[in-house]
Amino acid sequence: MENPNTTSALYVVATPIGNLGDITLRALETLRAADLIACEDTRHARRLLDHHGIRAATLALHEHNEAAATGKLIDALRAGRRVALISDAGTPGIADPGARASAAVRAAGFAVVPLPGANAAAAALSAAGLPDARFLFVGFLPAKPTARRQELEALKAVPAALVFYEAPHRIEATVADLAALLAPGRTLVIAREMTKLFEQIAVMPLDEGPAWLAADDHRRRGEFVVIVSAPPPREGLNAEAERVLAALLAELPVKQAAKLAATVTGAAKNDLYRRALELKGG
Ligand code: SAM
């Protein structure tokens with residue numbers, strides 16, 4: 001196992017999100033050389049490890065025992081054992097346990113070495129074809145409708161594509177809320193069962209999402225990444241409104257200048273007010 005700087009390290013290893021072939025050569029080398037592999041569900045991990053003939057001992061590390069299991073990882077590192085961490089699928093620490101273990105291992109003086117690989121959000125973004133340069137990974141939204149809607153209200157104006165994870169029993173409710181609260185003018189990507197037999201990546205206007213899901217039972221099955229493109233840019237003021245606003249701002253406070261400019265030019269007062277604040281550097 002490569003270990004350039006330290007005597008012992010925790011190797012955080014990405015595993016497939018469906019297709020067992022999606023594992024890197026370095027991940028296999030590292031898991032083969034490990035003495036102990038911490039994993040979310042030991043039986044689930046055994047299927048992957050057996051598939052690749054990896055016999056290392058496993059240790060359950062999941063959201064309910066992360067603190068206690070991390071103590072065991074640190075003991076193993078102190079004993080000079082080679083330790084790796086995987087999750088049920090994809091990259092540990094991303095909508096999965098691993099963050100607390102990485103922090104505690106580092107605090108105990110050991111290096112934490114990432115082995116990058118499969119990640120559902122990155123896979124969906126890579127094939128989505130959206131023009132947005134920025135994205136915000138949200139992961140799972142709250143299960144309760146009120147909390148979910150509150151979070152969406154807070155995300156509505158973020159100038160980036162939004163990336164969500166969702167389970168089949170909540171996909172309809174979530175897409176309904178996305179359409180109700182974030183449309184219009186945005187694109188929806190539903191990436192389902194990626195790298196698996198029934199992989200499907202559908203791209204549509206956001207407000208068509210609920211009808212698309214309702215049209216076929218199969219479309220609501222499996223694992224989902226849902227992406228909503230960034231909000232459309234606000235339309236700027238026309239040249240006359242800009243000129244009048246700038247002239248009035250030289251003489252008047254922001255609010256009065258915006259109000260008067262709206263009367264003179266017919267442009268929306270809110271747009272003028274926002275622009276006036278920008279021009280004043282506030
Ligand atoms: N750590 C993982 C990663 O790196 O993507 C994510 C784990 S999270 C507990 C599981 C969620 O990821 C699923 O509910 C689904 O939203 C998404 N996901 C995982 N595999 C997927 C796949 N093959 N296709 C679509 N979404 C997937």
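Reader: Where is His52 placed?
Author: In this predicted model, His52 belongs to the loop that links helix H2 (42-51) to strand S3 (57-60).

Reader: Is His52 buried or exposed?
Author: Residues under 20% relative accessible area are taken as buried. His52 has a relative accessible area of 17%, and is therefore buried. Leaving aside residues up to four places away in sequence, His52 touches Leu20, Ile23, Leu28 and Arg32.

Reader: Which residues of helix H1 are buried?
Author: An α-helix has 3.6 residues a turn, so residues three or four places apart point the same way. In H1 (residues 25-33), the buried residues are Ala27, Leu28, Thr30, Leu31 and Ala33. Their cover includes H2 along with strands S1 (9-13), S2 (36-39), S4 (83-85) and S5 (111-115).

Reader: What is the strand order in the open sheet of five strands?
Author: Strands of a sheet pair through backbone hydrogen bonds, either parallel or antiparallel. Here the pairing is mixed, and the order is S6-S7-S10-S8-S9. Strands S6 (135-140) and S9 (200-205) are at the edges; each has a single partner strand, so one side of each lacks a neighbour in the sheet. On average, neighbouring strands of this sheet are turned by 15° against each other, direction ignored.

Reader: How many bridges join S6 to S7?
Author: Five bridges connect S6 with strand S7 (residues 161-166), and the two run parallel. Phe135 is opposite Ala161 in S7. Helix H5 (residues 120-128) lies across S6, S7, S8 (187-192), S9 and S10 (224-228), at about 50° to S10.

Reader: How many salt bridges does a search of the whole structure find?
Author: Side chains of opposite charge can pair when their charged atoms come close. The search finds 13 salt bridges. One of them joins Glu66 and Arg100, whose closest N and O atoms are 3.7 Å apart. Glu66 is in helix H3 (residues 66-78) and Arg100 in helix H4 (residues 99-107), so the pair ties together parts 34 residues apart in sequence. Glu66 is buried, at a relative accessible area of 4%.

Reader: What do Arg149 and Asp177 form?
Author: Their side chains meet in a salt bridge, at 3.1 Å from N to O. Because Arg149 lies in helix H6 (residues 145-155) and Asp177 in helix H7 (residues 171-182), the pair ties together parts 28 residues apart in sequence. Arg149 is partly exposed at 39% relative accessibility, whereas Asp177 is buried at 7%.

Notes
Residues numbered from 1 in each chain as written. Predicted model: local features only at pLDDT ≥ 70, side-chain atom pairs only at ≥ 80, totals over all residues. Heavy atoms only, no water. Helix = DSSP H or I, 4+ residues; strand = E, 2+ residues; numbered from the N terminus. Buried < 20%, exposed > 50% of the residue type's maximum accessible area, 1.4 Å probe, protein only. Contact = heavy atoms within 4.5 Å. Pairing = 2+ DSSP bridges. Axes fitted to C-alpha atoms, helices over the stretch in contact; angles between N-to-C directions. Salt bridge = Lys/Arg side-chain N within 4 Å of Asp/Glu carboxyl O.
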